[in-house]
Amino acid sequence: MLKQIEGSRAVAEAVALCRPEVICAYPISPQTHIVEGLGEMVKGGELEGCEFINVESEFAAMSVAIGASAAGARAYTATASQGLLYMAEAVFNASGLGLPIVMTVANRAIGAPINIWNDHTDAMSQRDCGWIQLFAEDNQEALDLHIQAFRLGEELSLPVMVCMDGFILTHAYERVDVPTQEQVDAWLPAFEPRQVLDPAEPVSIGAMVGPEAFMEVRYLAHAKQMRALELIPGWAEEFRTAFGRESGGLLRSYRTEDADTVVVALGSVLGTIKDTVDEMRRDGAKIRFRIHTIRNHAGCWLGRTRPDRL
Amino acid sequence: MFQVRIHGRGGQGVVTAAEMLSVAAFLEGQHAQAFPSFGSERTGAPVVAFCRIDDREIRLREPVLEPDALIIQDPTLLHQVDVFGGLARDGYVLINTSRTFEALGVGEFARSLCAERLCTVPATEVALQHVGRPLPNAALLGGFAALAGRISLDSVAAAIREKFDGKVAEGNVAAAREAYAIVRGALRETCHAEAD
């Protein structure tokens with residue numbers, strides 16, 4: 001259904017359609033509208049079977065998400081900027097434990113000086129945390145990437161960050177196509193955790209290991225990231241078939257024929273660059289652009305690709 | 001693409017005005033993008049919000065630097081902020097005031113623009129009468145529908161009803177309708193004056 005809504009609302013509706021069972025929230029601009037929207041849906045009975053937990057900090061938000069996910073719940077939270085840094089220790093634990101938490105990062109600069117506006121420093125500071133990071137170009141893609149994120153994370157047993165430009169996307173009203181519950185249910189199977197913390201059948205996860213086993217764990221973590229490279233394009237294609245639009249994938253290009261110059265970019269600036277490319281081509285400028293949306297590890301994907309196939 | 005910039009002060013519903021304008025355009029099947037210019041928002045501080053309307057997808061996300069239309073919710077901003085910055089010569093200007101452009105001290109600038117694209121409307125008074133609070137945003141959107149003809153009054157009313165409920169919605173719709181009538185009347189006078 002087409003709606004003219006705020007980006008944060010679009011994400012809240014997408015997350016709700018994914019049937020999360022635990023949402024933890026701690027407010028920080030510019031992500032707050034997302035969890036406020038979800039909180040209203042839980043309280044209003046629109047989002048059933050979901051526990052909404054107000055926590056005392058971002059560190060607690062991620063810790064609660066870890067506990068919930070380890071107990072077998074589909075868990076979600078959102079943060080930005082200093083909030084992401086404050087939860088960093090738990091962020092690494094989530095990926096090390098292989099828990100498919102989905103988290104929105106409403107990208108915002110990091111202080112000092114204090115700055116509420118958009119840049120990607122927060123997400124980039126966590127580049128090596130072992131999560132998959134997906135970046136949205138517009139609010140439609142932000143909505144769609146959340147649906148893809150739950151499926152990707154649960155398939156790989158890895159947490160996924162969906163990054164969207166703070167304010168520029170989160171607070172922008174624009175047209176989005178919100179899928180139906182039936183469409184999302186058909187595309188996103190119910191979460192079946194690989195292992196569950198259950199007092200009836202106790203297991204230890206994340207227990208201390210020596211250097212030999214740690215290396216193996218890190219090797220497996222790397223293997224999962226490499227597998228993501230294989231899965232992401234296929235699922236973007238599957239998503240296109242099911243929902244009728246292109247969202248996600250590793251890399252997209254725009255008017256790249258005969259390019260002399262390649263612009264590689266992430267996030268909402270792509271829209272402005274596309275308009276610039278159109279304008280320059282219309283003016284007959286000889287400078288041409290090739291634009292790519294890169295996602296986590298796309299750099300190494302790029303590296304494996306022959307330049308003439310870019 | 002048609003670009004609107006709305007100036008006002010924190011607490012006057014500037015951001016909501018841009019949102020409702022985008023919803024009105026959306027309801028007419030257009031693409032629309034509304035977003036505020038963020039700062040340390042506080043009541044009374046100058047606030048700017050933007051709305052772009054087009055018949056195709058809107059991809060750029062820059063602040064509107066060269067507006068086709070300006071809605072000025074608070075005339076005390078006229079000499080504090082560069083509200084007219086980048087305005088096209090054939091641009092539309094709607095100011096919330098009961099005074100004239102001349103009396104506001106912007107007569108000379110106004111004479112460099114198209115007379116039939118300029119208007120004032122006492123939107124705060126209209127809002128006080130219909131809503132009971134000095135929130136001029138919905139009334140100004142009604143006036144804007146009359147001035148620019150880019151969106152219909154019915155779409156503005158539908159957007160207001162999407163944003164608000166019950167008595168608040170109906171009060172704002174009534175305010176929009178009255179402001180629409182005021183602007184229509186003022187424009188007819190301008191046209192007659194020009195014909196004379």
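In the predicted model, chain A holds an open sheet of six strands. Their order is E3-E2-E4-E5-E7-E6, and the pairing is parallel. Strand E3 (51–54) and strand E6 (132–135) of chain A stand at the edges. Each has a single partner strand, so one side of each is left without a neighbour in the sheet. From one strand to the next, the twist averages 20°.

Within E7(A), A:Val160 stands opposite A:Ile132. Helix H2 (residues 32–43) of chain A packs on the sheet. Helix H2 touches strand E2 (22–25), E3, strand E4 (75–79) and strand E5 (102–107) of chain A. The direction of H2 makes about 135° with that of E2(A).

A:Val64 is found in another helix of chain A, H3 (residues 58–70). Is this residue buried or exposed? A:Val64 has 22 C-beta neighbours inside 10 Å and therefore counts as buried, the cut-off for burial being 20 or more. Leaving aside neighbours within four places in sequence, A:Val64 is in contact with A:Cys24, A:Ile53 and A:Val55. A:Val64 and A:Val22 are 42 residues apart in sequence. In space, their C-alpha atoms are 8.8 Å apart.

The domain assignment divides chain A into domain 1 (2–187) and domain 2 (261–309). Twelve residues of domain 1 are in contact with eight residues of domain 2. On the domain 1 side of this contact, E6(A) gives the most, with four residues. By class, the residues on the domain 1 side divide into six nonpolar, three polar and three charged.

Contact between the chains was examined next. The contact involves 15 residues of chain A and 15 residues of chain B. Strand E8 (173–177) and helix H10 (269–282) of chain A each supply at least two residues of the side of chain A that touches chain B. The largest share of that side comes from H10(A), with four residues. Six of the residues on the chain A side are nonpolar, five are polar and four are charged.

The model scores ipTM 0.94 and pTM 0.93. For chain B, the mean pLDDT is 95. In this chain, 97% of the residues reach a pLDDT of 70 or more.

In chain B, B:Pro67 lies in the loop between strand E3 (46–54) and strand E4 (69–72). Which residues are in contact with B:Pro67, leaving aside its neighbours within four places in sequence? They are B:Gln3, B:Val4, B:Arg5, B:Gly86, B:Leu87 and B:Gly91. B:Asp54 is 13 residues from B:Pro67 along the chain. The C-alpha atoms of B:Pro67 and B:Asp54 are separated by 13 Å.

Definitions and conventions
Residues are numbered from 1 along each chain as its sequence is written. Chains are lettered from A and ligands numbered from 1 in the order in which they are written. This is a predicted model: local features need pLDDT of at least 70, side-chain atom pairs count only at pLDDT 80 or more; totals for chains, interfaces and linings use all residues. Two strands pair if DSSP finds at least two bridges between them. Axes are lines fitted to C-alpha atoms, for helices over the stretch in contact, and angles run from 0 to 180 degrees between N-to-C directions. Two residues are in contact if their C-beta atoms, placed from the backbone, lie within 7 Å. Ala, Val, Leu, Ile, Met, Phe, Trp, Tyr, Cys and Pro count as nonpolar, Asp, Glu, Lys and Arg as charged, and the others, Gly among them, as polar. pLDDT is the predictor's confidence in each residue, from 0 to 100. Domain bounds come from an automatic or database domain assignment. A residue is buried if 20 or more other C-beta atoms lie within 10 Å of its own, exposed if 12 or fewer, and partly exposed in between; C-beta atoms are placed from the backbone.
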